[in-house]
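Colleague: Can you put the model up? I have some questions about it.
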Amino acid sequence: MTDGTAGGVATDAAEAPGGDSGEAMVGLGDGWDADDGAGRRPEEEAARVMVAFGQTLKTLRLRAGLDRAEFGKLIGYSAATVGSFEQGRRIPTPRTIDRADEVLRADGLLGLWKEQVERAQYPVFFQGMAALEKEAVELLAYDTLVVKGLLQTEEYMRALLAMRRPVLDQETIEQRVAARLARQDIFDRWPAPLMSFVMDESVLRRPYGGMDVLRGQLEHLLLIGQKRNVEIQVMPLGCEESAGVDGPFTVVSRHDGKKFVYAEAQGTSALQTDAAQTTLAAARYGIIRSQSLTSRESLAFIEGLLASL
């Protein structure tokens with residue numbers, strides 16, 4: 001599954017998002033398999049961040065003279081959820097952190113944790129890509145297995161995450177859902193990034209989670225497809241040629257012109273910035289688009305598919 005649902009490590013060379021240009025590496029877990037103990041593994045680092053944030057939150061809550069139930073009522077959560085935040089077992093949204101900072105009169109102290117906490121909510125291998133989405137001026141995505149995470153409904157997300165093997169615990173599922181929904185803020189950003197999504201027809205026909213979930217997902221695609229900065233196209237099953245035979249991938253362009261190519265497959269993920277590779281990937285995507293139905297034809301196709309369910 002794409003968009004942070006597979007596990008994995010990064011390969012190839014890429015620069016850190018927001019860093020200086022060059023052909024250096026984006027760390028998505030790479031190099032940690034051979035960790036000799038001199039440093040922390042990324043997943044351990046994320047856990048450390050959450051524990052430290054939780055301790056800070058608890059200290060400020062106690063200083064304010066509030067028990068968990070009282071504090072939870074003020075920020076809209078149960079005492080049990082507050083306990084999960086404080087123990088580092090559940091990751092709060094940026095909005096929740098802002099509200100907690102306000103309620104506890106922390107003067108921005110909790111807000112300082114937002115970037116680290118937000119990064120910790122993603123699987124280690126997807127953190128670099130999540131950061132790039134925030135800087136994207138253009139995003140091109142081709143998918144063959146599932147609807148792109150940026151386009152998924154909450155019900156569709158839950159259905160996919162529930163299918164993971166080995167299974168995910170419910171708390172992890174909730175964290176992943178919250179993180180994926182937060183990524184969809186990209187559609188409300190201004191200036192609006194240009195986004196193009198091509199997906200195989202088979203993706204639109206798979207009833208993950210049941211027919212009601214599929215209907216909701218198709219309706220959502222029709223709504224997103226109406227946005228002026230979004231193009232949604234379908235690669236028909238009857239198409240005899242496809243430049244996408246090597247599988248799904250995403251090309252992200254930053255404001256400085258730097259391009260990144262991200263791909264996931266069977267437990268591995270790669271984020272590349274090699275100029276030759278990114279140029280070829282962008283060209284390949286252009287061919288895929290030309291082989292697909294147009295945006296207008298694709299929306300009409302999705303409407304017809306929805307009517308047939």
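Modeller: Here it is; bear in mind that this is a predicted model. A place to start is strand β6, residues 268–272, which is mostly covered, with 4 of its 5 residues buried.

Colleague: Which strand does β6 pair with, and in which sense, parallel or antiparallel?
Modeller: β6 pairs with β5, residues 259–265, in the antiparallel sense, and the pairing runs over 5 bridges.

Colleague: Moving to β1. Where does Glu138 lie?
Modeller: Glu138 is in β1, the strand covering residues 136–143.

Colleague: What does Glu138 touch, leaving out residues up to four places away in sequence?
Modeller: Leu194, Val251, Val252, Ser253 and Lys259. There is also a C-alpha separation of 7.1 Å between Glu138 and Arg254, although those two are 116 residues apart along the chain.

Colleague: Now the helices. At what angle do the axes of α7 and α8 cross?
Modeller: Roughly 140°, with the axes coming within 10 Å; α7 is residues 154–162 and α8 is residues 170–183.

Colleague: Why are α7 and α8 called oblique?
Modeller: The crossing is at roughly 140°, and roughly antiparallel would need an angle over 145 degrees, so α7 and α8 are oblique to each other.

Colleague: Is the crossing of α7 and α8 left-handed or right-handed?
Modeller: Right-handed.

Colleague: Which residues make that contact?
Modeller: From α7 there are Glu154, Met157, Arg158, Leu161 and Ala162. The α8 side supplies Gln170, Ile173, Glu174, Arg176, Val177, Arg180 and Leu181.

Colleague: How many of the residues in the contact of α7 with α8 are nonpolar, polar and charged?
Modeller: 6 are nonpolar, 1 is polar and 5 are charged.

Methods: Residues are numbered from 1 along each chain as its sequence is written. This is a predicted model: local features need pLDDT of at least 70, side-chain atom pairs count only at pLDDT 80 or more; totals for chains, interfaces and linings use all residues. Side-chain values use heavy atoms; hydrogens and water are left out. Axes are lines fitted to C-alpha atoms, for helices over the stretch in contact, and angles run from 0 to 180 degrees between N-to-C directions. Helices (H or I, at least four residues) and strands (E, at least two) are DSSP runs, numbered from the N terminus. Angles under 35 degrees count as roughly parallel, over 145 as roughly antiparallel, 65 to 115 as roughly perpendicular and the rest as oblique. A crossing is left-handed if the near helix is turned anticlockwise from the far one by less than a right angle, and right-handed if clockwise. Contact means heavy atoms within 4.5 Å. Ala, Val, Leu, Ile, Met, Phe, Trp, Tyr, Cys and Pro count as nonpolar, Asp, Glu, Lys and Arg as charged, and the others, Gly among them, as polar. Buried means under 20% relative accessible area, exposed over 50%, partly exposed in between (1.4 Å probe, protein chains only). Two strands pair if DSSP finds at least two bridges between them.
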